[in-house]
Amino acid sequence: MKRLFDTIEKLNVFPGGPDKEAAEEMNRKFAAYMDGILEWNDKINLTAITDRDEFVVRHFIDSVLSAGSPEIKVAKLIADVGTGGGFPGVPLAILFPEKKFVLIDSLAKRLKIIEELCGSIGIGNVTAVHGRAEDLAGKKGEYREKFDCVVSRAVASMAALSELCIPFLRVGGTFIAYKGNDPEKELNEGTAAIEVTGGRFIRTEQAGEPDDSLAHTLIYIRKEKKTPDRYPRKAGDPVRKPIK
Ligand code: SAM
């Protein structure tokens, strides 16, 4: 867990801090969350990673890589689309107990475990919402254009993901896509989807060590215009027929 806290310091997530008490509380929550996920993993597949050191690197460190960005720092309401075992949403929620996180996934069983686990550990700032992003962010969706930030890791190509995530953002909000080490191709393919849903590419950030197979590029997209009513299209279409 020391490596995680070194990363948090390196990213300057809490300039001058966090204070000792807050750091201890974070440490407790991270450890309990890992224990809980690994325990449940025997019954239902939550992660392929069962080695604890690898878990810290691949799930915790990877998830918090956006935590030092100004966009995350100012956001009050953040969605994690396709959260799976709670990544990157839960580690970010542990770091920022004053922000609210909505964890979205189409797989109810997994989501229920994440919700119960967070409840039992005292991660009180997360709400689990079951459903497909296409429906929840749709024209009649309760969560359309509500969020300051949307994060998403390992869910779909940039083109599909932009159509799934950008409709959740309020105008002025930011979508942060956790992508692989060479996002250029994806970004090029995703440009049309980013633009028609109201987004504009802002920057990429190289995260992690460059020679590390785990290194990620974070792609930052700002929402500049409201998403037209016709997006996202019906469930399945963003992945099956990505916007070109
Ligand atoms: N984000 C997690 C991570 O990085 O470990 C989980 C990644 S997992 C490969 C992809 C997750 O996205 C699955 O849990 C799946 O159910 C969810 N998902 C895929 N398409 C979705 C959609 N259209 N709406 C909501 N959830 C979706």
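Let me start with a term: two strands pair if DSSP finds at least two bridges between them. Helices (H or I, at least four residues) and strands (E, at least two) are themselves DSSP runs, numbered from the N terminus.

Before we look around, note that this is a predicted model, where local features need pLDDT of at least 70, side-chain atom pairs count only at pLDDT 80 or more, and totals for chains, interfaces and linings use all residues. Residues are numbered from 1 along each chain as its sequence is written, and side-chain values use heavy atoms, with hydrogens and water left out.

Now find strand β5, residues 169-179. Is β5 largely enclosed or open? Eight of its eleven residues are buried (under 20% relative accessible area, with a 1.4 Å probe and protein chains only), so the rest of the structure largely encloses β5.

Who are the neighbours? On one hand there is strand β4, residues 147-153, which pairs with β5 in the parallel sense over six bridges. Look for R153, which stands opposite Y178 of β5. To get from β4 to β5, the chain passes through helix α8, residues 158-165, in a right-handed β-α-β crossover. Right-handed means that, with the strands pointing away from the viewer, the path from the first strand over the helix to the second runs clockwise.

Then there is strand β7, residues 216-223, and here the pairing with β5 is antiparallel, over six bridges. I176 has Y220 in β7 as its bridge partner.

One last stop, please: K29, in helix α2, residues 20-40. K29 is buried, with a relative accessible area of 9%. A polar atom of its side chain lies 3.5 Å from the backbone oxygen of G122.

Note on methods:
Buried < 20%, exposed > 50% of the residue type's maximum accessible area, 1.4 Å probe, protein only. Polar contact = N/O pair within 3.5 Å; in protein donor to acceptor, adjacent residues only side chain to side chain.
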